[in-house]
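Reader: I would like to learn how to read a model of this kind with some care, feature by feature. Could you take me through it?

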Amino acid sequence: MPKYLKGNYRLPKKVTTKDNKSQPTIEQKFEQESLRKLGGSIAFVMKSKTFVWKGDEGEKTD
Amino acid sequence: MRVKRLTKTQLDIIARQTLEKTAEAGLQNARKNLPYIKKTILDLTPEAGPGVTDAAIIVSAGPSLHRKQPTRAILTSKFKGAVVAVDGSLGYCLRNGLVPDYVVTVDPHATRIIRWFGDTKLAHREADDYFQRQDLDPALNREEAARNQELIELVNRHGRSIKVIISTSVSEEIALRCLEAGMELYWWNPLYDDYDKPKSYSQQAYKLTKAPCMVTGGNCGTSAWVFAHAILHSKQTALLGMDLSYPPGTSIQNTQYYKEMVELFGDRAEEAFIRIYNPYLKQTWFTDPTYYWYRQSLLELARQADCSTYNCTEGGILFGKGIKFIPLKDFLNKFS
């Protein structure tokens, strides 16, 4: 079938296809949406090896 | 579809979602807990300073705790370091004669966490099949009322010997229950987000309570490990029950996020679990995305801490740089 659909003329403008490598696939998108519904017990962030933050006056302990 | 190990971007999505889910609720609970905040974890420092507690055991509540039954080995070893239980393992410890020095609690959930301390209002709660399904304390799977009563009595009997490392994020009911049982409360805030941002949840929680903010790793077990490291200054910390996964053959119905996974993936939920081969066990365990996030977070923290972490769970998926995967008896032989 594709051989019958082959163009027999030239397009005036060159058509370029977008690079899809950086675009998530539908499956990846689905997974990312799903992850939004699976939170943990408590928020977690780590900043510059500070395990305990003692407030603005500033002591930080490791 | 088969979910593979998650990318950093995917882990960040879980972290953001967890912040959205827990920070506002935690801060609301902190406001209600204000009348009970008398001491913070920093008040523990004199008695738990460097050299006093060189070693600690964290008793988390994963399935290996019940498969391996480590309490007898600890009790017969005369281990002198601190025993730090998570709220979910408190019942297991007390039923088996191990009274922990500390119990850590952090999850802001309104009705479930109280069950780990024995819920004096259980008869008036709405129906919740979570405790019939959960694997953290299988003793509570059946005869819920009777086992709850047993736990109330155990906690009341031993409460005075246990210090609660209580996050301001937990329900006010936890504070009241612990006080009722004679426990001493030492408060802390979860480090929710970037404290350098003036309107951050961490800043708000600190300004409200004046309690220090501690890194959590996303869950109670990792919070307990951070507490042992940063407050008790433990240099040799063993982890028990830190599976962060499920043994081969576990029904997905008995996994922590079963309902969410089925809601999301329908009859293909089983495929959404992540399989990880553990070369120490020569077994493949499976985990859900959230537990995988916990695993990656703890591995990252362990690498940054100036202490040695020994995973003595003898199960699960927590292995990698920064973690020594050894049997509990080897740890006890070395540090008792």
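Author: What follows is a conversation about a few features of this structure, each taken in turn. Please keep in mind throughout that the model is predicted.

Reader: How should I read the size of an interface, and how much area do chain A and chain B bury between them?

Author: The size of an interface is often expressed as the accessible area that is lost when the parts come together. Here chain A and chain B bury about 3,900 Å² between them, with 64% of it on carbon and sulfur atoms. On the chain A side, A:I42, A:F44 and A:W53 lose the most area to chain B, and together they account for 21% of what that side buries. In terms of contacts, 30 residues of chain A are in contact with 55 residues of chain B.

Reader: How many salt bridges does the rule find across the interface of chain A and chain B?

Author: The rule finds two salt bridges across that interface. As a separate detail on side chains, B:D196 and A:K47 meet in a salt bridge, with 2.4 Å from N to O.

Reader: Turning to helix packing, at what angle do α9 and α11 of chain B pack, and how should I read that angle?

Author: The general idea is to compare the N-to-C directions of the two axes, where an angle under 35 degrees counts as roughly parallel. Helix α9 (residues 220-230) and helix α11 (residues 289-304) of chain B pack at about 10°, with their axes 10 Å apart, and α9(B) and α11(B) are therefore roughly parallel to each other. In this contact, B:T222, B:W225 and B:V226 of α9(B) meet B:L298, B:L301 and B:A302 of α11(B), and these residues divide into five nonpolar, one polar and no charged.

Reader: And how is α1(B) oriented towards α11(B), parallel or perpendicular?

Author: Helix α1 (residues 8-33) of chain B packs with α11(B) at an angle of about 100°, with their axes 10 Å apart, and the two helices are therefore roughly perpendicular to each other. From α1(B) the contact is made by B:L11, B:I14, B:A15 and B:T18, and from α11(B) by B:P289, B:T290, B:Y292, B:W293 and B:Q296. The residues of this contact divide into six nonpolar, three polar and no charged.

Reader: What should I make of a backbone angle such as the phi of B:K78?

Author: Most residues other than glycine have a negative phi. B:K78 is not a glycine, yet its phi is positive, about 60°; this residue lies in the loop between α3 (71-77) and β2 (82-86) of chain B, and at 60% relative accessibility B:K78 counts as exposed. B:K282, also not a glycine, has a positive phi of about 55°, lies in the loop between β8 (274-278) and β9 (283-287) of chain B, and is exposed, with a relative accessible area of 62%.

Reader: Finally, is the loop residue B:T40 buried or exposed, and which residues does B:T40 touch?

Author: B:T40, in the loop between α1 and β1 (55-59) of chain B, has a relative accessible area of 12% and is therefore buried. Leaving out residues up to four places away in sequence, B:T40 touches B:Y186, B:W187, B:K210, B:A211 and B:P212. The C-alpha atoms of B:T40 and B:S167 are separated by 9.6 Å, although these residues are 127 residues apart along the chain.

Notes: Residues are numbered from 1 along each chain as its sequence is written. Chains are lettered from A and ligands numbered from 1 in the order in which they are written. This is a predicted model: local features need pLDDT of at least 70, side-chain atom pairs count only at pLDDT 80 or more; totals for chains, interfaces and linings use all residues. Side-chain values use heavy atoms; hydrogens and water are left out. Helices (H or I, at least four residues) and strands (E, at least two) are DSSP runs, numbered from the N terminus. Buried means under 20% relative accessible area, exposed over 50%, partly exposed in between (1.4 Å probe, protein chains only). Axes are lines fitted to C-alpha atoms, for helices over the stretch in contact, and angles run from 0 to 180 degrees between N-to-C directions. Angles under 35 degrees count as roughly parallel, over 145 as roughly antiparallel, 65 to 115 as roughly perpendicular and the rest as oblique. Contact means heavy atoms within 4.5 Å. Ala, Val, Leu, Ile, Met, Phe, Trp, Tyr, Cys and Pro count as nonpolar, Asp, Glu, Lys and Arg as charged, and the others, Gly among them, as polar. Buried area is the accessible area (1.4 Å probe) that two parts lose on being put together, summed over both. A salt bridge is a side-chain nitrogen of Lys or Arg within 4 Å of a carboxyl oxygen of Asp or Glu.
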